[in-house]
Amino acid sequence: MEIFYLVVFGGLAAIVAGLELSKSNKDRINTSSAFNSFKNNYLLVYSLMMAGDWLQGPYVYYLYSTYGFGKGEIGQLFIAGFGSSMLFGTIVGSLADKQGRKRASITYCITYILSCITKHSPQYRVLMLGRVLGGIATSLLFSAFESWLVAEHNKRGFEQQWLSLTFSKAIFLGNGLVAIIAGLFGNFLVDSLSLGPVAPFDAAACFLAVGMAVIMSSWSENYGDPSENKDLLTQFKNAASAIASDEKIALLGAIQSLFEGSMYTFVFLWTPALSPNDEDIPHGFIFATFMLASMLGSSVASRLLAHSSPKVESYMQIVFVISSAALMLPVVTSFLVAPSGVKGGSISFSGCIQLMGFCTFEACVGIFWPSIMKMRSQYIPEEARSTIMNFFRIPLNIFVCLVLYNVSSFSFYAHEIYTAAMDGLNELFFVYAI
């Protein structure tokens, strides 16, 4: 492996370690033992849930290809997953407000375990069912758990500022450290133990089962609005009314959808950006580097959220400008650095520059997640929290489906220009309006 990758990874690791070890009392929030116990329980569950998700990600496409499916068929399977998240996931996720967030979290575990089981079948219809189940599970993952946390935090009377601590720690662990460990563990199962590409899915099911057991034994139930017996259609109408009547909620949804849309586009395109001439790049190690950069961002966010100033709305404007500039690097380097016509080989000089920019974007992602969670806890009404959060994912899933359907029809740099412009300009405008 080239020394460049090791230097980037080592540098990021040193910065993360330095940030964590150098935290002073001003950067820490003094909390009670009861809250610490509550926080650690949630972090354990969230980490197990994210381990189940991260174990699957790197091997979905690879598994489908080993079953003999081509790019077109695999693309349809991915579209089915995001389409399911938009249609069925919105309905199922919204039931969390009415039927209970604990039940919804358990439903996530069961649904995702069933999705993992379908990966053992090479039949297209069974795999399609698995993608539909996976789409439903994704909607629950990004709504039910956070909704339960906010409601339970408030019900137990903990200080509002302490919620930021749980958010930042959850992203640091679940979207950073756990992602790195899951990637290495999956690689160990597939390559070192030669268990095949379905092994990570079996391991994911095990983590999900353990997490479900913890939820069932230690979580209490909470609801959106237990005093009113509302049907699902009424919930949708009330959620839509809340978004339409409160400009800040609508703008918050736009920020979330636009940034996550940029993030998913980046996930699809970072490989061709770094290896336009089929350069030999260590995908797993680069993925781990990205996750380390995300940990750096969440560490920065924990410091920012520990203070009342600057406000989230203020520093997020800077984050969006930086993330936009980072995603513009492939366009800039294409003009400043002459492209190489040599196929294969190691990463190019422009690729090295882009990798640094992409790590910067991932650091912005690490700041974004706990910050947007904090903003959602402030602006979204409790009685329709899960429903509104799933409404926010509808435009995101439409965008991702369009990108997947047309990814081969657009030029690579057109994607990057669109992503960067959408990420920086639109989100900056919306967060400024808030």
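View 1. At 1.5 Å a residue, the 29 residues of helix α4 (residues 71-99) should span 42 Å, and the end C-alpha atoms of α4 are 39 Å apart, which agrees; the expected span is 1.5 Å times one less than the number of residues, and helices are DSSP runs of H or I with at least four residues, numbered from the N terminus. This is a predicted model, in which local features need pLDDT of at least 70 and side-chain atom pairs count only at pLDDT 80 or more, whereas totals for chains, interfaces and linings use all residues. Residues are numbered from 1 along each chain as its sequence is written, and side-chain values use heavy atoms, with hydrogens and water left out. At Gly89, α4 bends by about 50 degrees, the bend being the angle between axes fitted to the seven residues ending there and the seven starting there.

**View 2. The packing of α4 against α10.** Helix α10 (residues 232-245) packs with α4 at an angle of about 90 degrees, their axes 10 Å apart; axes are lines fitted to C-alpha atoms, for helices over the stretch in contact, and angles run from 0 to 180 degrees between N-to-C directions. The two helices α4 and α10 are therefore roughly perpendicular to each other, a term that covers angles of 65 to 115 degrees. Thr90, Ile91, Ser94, Leu95, Asp97 and Lys98 of α4 make the contact with Leu232, Gln235 and Phe236 of α10, where contact means heavy atoms within 4.5 Å.

**View 3. The crossing of α7 and α16.** Helix α7 (residues 144-155) and helix α16 (residues 385-406) have axes that come within 9 Å and cross at roughly 145 degrees. On the α7 side, Ala144, Glu146, Ser147 and Val150 meet Arg385, Ser386 and Met389 in α16.

**View 4. The packing of α11 against α16.** With axes 9 Å apart, helix α11 (residues 247-274) and α16 pack at an angle of about 35 degrees. Among the residues that make this contact are Ile249, Leu252, Tyr264 and Phe268 of α11, together with Ile388, Met389, Phe392 and Leu404 of α16.

**View 5. Backbone features in two loops.** A cis peptide bond, with omega of about 0 degrees, joins Ser309 and Pro310, and Pro310 lies in the loop between α12 (283-305) and α13 (312-327). In the loop between α8 (160-192) and α9 (199-218) is Ser194, whose phi is near 55 degrees, a positive value in a residue other than glycine.

Methods: Angles under 35 degrees count as roughly parallel, over 145 as roughly antiparallel, 65 to 115 as roughly perpendicular and the rest as oblique.
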